[in-house]
Amino acid sequence: MAKYKIEVDPELCIGDQACCADAPDTFEMSDDDIAVVKDPEGNAPDEILNAAQNCPTDAIILHDEESGEKVWPEE
Ligand code: SF4
């Protein structure tokens, strides 16, 4: 099971592709330049967390799959 449930808020994504650089096997860009999840287990959990933390607009939302708790962005 993937560690994180990953969502990208398309309203917040500015298409700078930072997440695709940090976790290239997890995120990819859609045709309209919005990041999408291609494989929630594509990269190690710490790489996915790092990508979410580096997103300039906090468009990547992570929940722990097991507990359901929100991991990122911090409240
Ligand atoms: S890092 Fe954030 S703003 Fe940049 S492409 Fe990924 S989701 Fe979009």
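This is a predicted model: local features need pLDDT of at least 70, side-chain atom pairs count only at pLDDT 80 or more; totals for chains, interfaces and linings use all residues.

Biologist: Okay, which residues come nearest to the ligand?

Modeller: Out of 13 residues around the ligand, the nearest are C13, D16, Q17, C19 and C55.

Biologist: And what's the shell like by class?

Modeller: Nine of its residues are nonpolar, three are polar and one is charged, where nonpolar covers Ala, Val, Leu, Ile, Met, Phe, Trp, Tyr, Cys and Pro, charged covers Asp, Glu, Lys and Arg, and polar the others, Gly among them.

Biologist: Back to Q17, where does it lie?

Modeller: Q17 is in the loop between β1 and α1 (18–22), helices being DSSP runs of H or I with at least four residues and strands runs of E with at least two, numbered from the N terminus. Although Q17 is not a glycine, its phi is positive, at about 70 degrees.

Biologist: New topic: in what order do the strands of the sheet come?

Modeller: The open sheet has three strands, ordered β1-β4-β5 with antiparallel pairing, where a pair requires at least two DSSP bridges. Its edges are β1 (4–8) and β5 (70–72), each of which pairs on one side only.

Biologist: How many bridges join β4 to β5?

Modeller: Two bridges link β4 (residues 60–64) to β5, and H63 has K70 in β5 as its bridge partner.

Biologist: What comes after β5?

Modeller: The segment there holds P73, which is joined to W72 by a cis peptide bond with omega of about -5 degrees.

How values were computed. Residues are numbered from 1 along each chain as its sequence is written. Side-chain values use heavy atoms; hydrogens and water are left out. A residue is near a molecule or strand if one of its heavy atoms lies within 4 Å of it.
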